[in-house]
Amino acid sequence: MTTPNRPLASEEVYGEKWDRCMTDTMVKAASGLALGIVFSAVLFKRRPWPVFLGTGIGLGMGYGNCQNDFRSPYVHSQPLTLAKAHEHILTKSSNSG
């Protein structure tokens, strides 16, 4: 995990997004697999299609989340509050003039 005081390099931001993406996709695929196994055993007389369907849905959800994460233009993981932004603007304008 990175410290909040140190600015992140673009490579570190990209690496963190990949790590988050892979972890999220694996969790969703494993959850879909588990639910598919349960539904296959309980409702569908041990047919394989619920397992494949659940795993595919989990992979698709992870892939969609990854696309959204990589397309987001925000570098900061925490939103900048209005008070901090206002304070930053005031100190910047008072130093320049």
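Biologist: What is the handedness of the link of Cys-21 and Cys-66?
Modeller: The link of Cys-21 and Cys-66 is right-handed, with 105° about the S-S bond. Please note that this is a predicted model, in which local features need pLDDT of at least 70 and side-chain atom pairs count only at pLDDT 80 or more, while totals for chains, interfaces and linings use all residues. Residues are numbered from 1 along each chain as its sequence is written, and side-chain values use heavy atoms, with hydrogens and water left out.

Biologist: How far apart are the sulfur atoms of Cys-21 and Cys-66?
Modeller: They are 1.7 Å apart, and the two residues form a disulfide, meaning a pair of cysteine sulfur atoms within 2.5 Å. The structure holds 1 disulfide.

Biologist: Which parts does the pair tie together?
Modeller: Cys-21 lies in helix α1 (residues 10–42) and Cys-66 in helix α2 (residues 49–71), so the pair ties together parts that are 45 residues apart in sequence. Helices (H or I, at least four residues) and strands (E, at least two) are DSSP runs, numbered from the N terminus.

Biologist: Are Cys-21 and Cys-66 buried or exposed?
Modeller: Both Cys-21 and Cys-66 are buried. Buried means under 20% relative accessible area, exposed over 50%, and partly exposed in between, with a 1.4 Å probe and protein chains only. Of the 97 residues in the chain, 15% are buried.

Biologist: Now the helices. At what angle do the axes of α1 and α2 cross?
Modeller: The axes of α1 and α2 cross at roughly 160° and come within 7 Å. Axes are lines fitted to C-alpha atoms, for helices over the stretch in contact, and angles run from 0 to 180 degrees between N-to-C directions. The two helices α1 and α2 are therefore roughly antiparallel to each other, a term for angles over 145 degrees.

Biologist: What about Ser-31: where is its place?
Modeller: Ser-31 is in helix α1. This residue is partly exposed, with a relative accessible area of 38%. Its side chain reaches the backbone oxygen of Val-27 at 2.9 Å.

Biologist: How far apart are Ser-31 and Thr-55 in space?
Modeller: From C-alpha to C-alpha, Ser-31 and Thr-55 are 7.7 Å apart, although 24 residues separate them in sequence.

Biologist: Finally, how many helices and strands are in the chain?
Modeller: The chain has 3 helices and 0 strands. Along the sequence, the pattern reads α-α-α.

Note on methods. Polar contact = N/O pair within 3.5 Å; in protein donor to acceptor, adjacent residues only side chain to side chain. Parallel < 35°, antiparallel > 145°, perpendicular 65-115°, else oblique.
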